Amino acid sequence: CKAVILATGGVSYPATGSTGDGYRMAEALGHTIVEPCPSLVPLVSPDSCCGQMQGLTLKNVQLTVRGQKGKIVYREQGELLFTHFGLSGPLVLSASAHMRDFERVKYVCSIDLKPALDESVLDARLLRELGENANRDMGNLLGSLVPKAMIPVLLARAGIPGDKKAHNVTREERRRLLEALKHFTVPVSGPRPIEEAIITSGGIKVGEVDPKTMQSKKVPGLFFAGELLDVDAYTGGFNLQIAWATGRAAGKGAVEF
């Protein structure tokens, strides 16, 4: 035939037939394949607190991901979800796009549960809560600050027994509680399997493809479109746009070839 469009997808949805065949075809024709890996994917954590809070969704929190030497690789505000294996939700899926080197880097997620309040304001809020509820157990006190399912975990992080009376909480315990509210850390050991990823990162090296027509620079008449290419983006319709835009360019290029 005169022209061929290769648009077989990545490896994120094997049930739909996206099994990586396109990568092998392109490689056999001389193209370089950037190693496919999962992106926009939930994250696995060894911390048992995730399982304790399984099903809990946090809204309007700030997620910060730190990598090598504490360098910030991602920071954004939004929604996340605790699962039996670790973390998921929109914030986490977007963060995963920046976490590509699990073999070499130990990533740590830090959740600011009250991003609208700086530490001094939040500390004043804690003091007020403790003062107004002096005779209540700490296990029944924090419902105005965090979801009920999170209270035992927060108190454990701060080293405060749930049956301790508010008026007996020390300054050091309050400081640890403040730290847990502003910097709730969750270590991450890796992504979930690529079969669970929304998209595949990696694929045909884009430098080997004409960006105007999607035609191969190595094989005349061969065109590429979609997730087969080493192009990916955040969740929110951007990856669909990549598929539509490259599909249109490849179709137009193939017709005019």
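## Packing of helix 5 on helix 6

At what angle do helix 5 and helix 6 pack, and how far apart are their axes? In this predicted model, local features need pLDDT of at least 70 and side-chain atom pairs count only at pLDDT 80 or more, while totals for chains, interfaces and linings use all residues. Residues are numbered from 1 along each chain as its sequence is written, and side-chain values use heavy atoms, with hydrogens and water left out.

Helix 5 (residues 151-158) and helix 6 (residues 171-182) pack at an angle of about 125°, and their axes are 8 Å apart. Helix 5 is therefore oblique to helix 6. Axes here are lines fitted to C-alpha atoms, for helices over the stretch in contact, and angles run from 0 to 180 degrees between N-to-C directions. Angles under 35 degrees count as roughly parallel, over 145 as roughly antiparallel, 65 to 115 as roughly perpendicular, and the rest as oblique. Helices (H or I, at least four residues) and strands (E, at least two) are DSSP runs numbered from the N terminus.

The crossing of these two helices, helix 5 and helix 6, is right-handed. A crossing has this hand if the near helix is turned clockwise from the far one by less than a right angle, and is left-handed if anticlockwise. On the helix 5 side, L154, R157 and A158 meet E173, R176, L177, A180 and L181 of helix 6. The residues of this contact comprise five nonpolar, no polar and three charged. For this division, Ala, Val, Leu, Ile, Met, Phe, Trp, Tyr, Cys and Pro count as nonpolar, Asp, Glu, Lys and Arg as charged, and the others, Gly among them, as polar.

## Packing of helix 4 on helix 6

Helix 4 (residues 119-132) also packs with helix 6, at an angle of about 125° and with the axes 10 Å apart. Helix 4 and helix 6 are therefore oblique to each other, and helix 4 passes helix 6 in a right-handed crossing. From helix 4, E119, L122, D123, L126, L127 and L130 make the contact, together with R174, L177, L178, L181 and K182 of helix 6. The residues of the contact between helix 4 and helix 6 divide into seven nonpolar, no polar and four charged.

The largest nonpolar core has 46 residues, of which L63, F82, I111, M138, M150 and F184 touch the most other members. A nonpolar core is a set of buried Ala, Val, Leu, Ile, Met, Phe, Trp, Tyr and Cys residues joined through side-chain atoms within 4.5 Å. Buried means under 20% relative accessible area, exposed over 50%, and partly exposed in between (1.4 Å probe, protein chains only).

Leaving aside its neighbours within four places in sequence, I111 is in contact (heavy atoms within 4.5 Å) with residues including L58, L63, L80, F82, L181, K182 and F184. In helix 5, the buried residues are I151, V153, L154, L155 and A158. These buried residues of helix 5 pack against helix 2 (49-52), helix 6 and strand 8 (184-188). Just after helix 5, G159 takes a positive phi of about 70°.

K182 is found in helix 6 and is buried, with a relative accessible area of 8%. Its C-alpha atom is separated by 6.4 Å from that of K114, 68 residues apart along the chain. Beyond four places in sequence, the contacts of K182 include I111, D112, K114, P115 and E119. R175, also found in helix 6, counts as partly exposed at 44% relative accessibility.

N239 is found in helix 7 (residues 238-256) and is buried, with a relative accessible area of 17%. Leaving aside neighbours within four places in sequence, N239 is in contact with L40, I199, D232, A233 and Y234.

## Positive phi in two loops

Most residues other than glycine have a negative phi. Phi of L40, however, is near 55°, a positive value in a residue other than glycine. L40 lies in the loop between strand 2 (33-39) and strand 3 (43-44) and counts as buried at 1% relative accessibility.

M214 likewise has a positive phi, of about 65°, although it is not a glycine. M214 is found in the loop between strand 10 (199-204) and strand 11 (222-224), and is buried with a relative accessible area of 9%.
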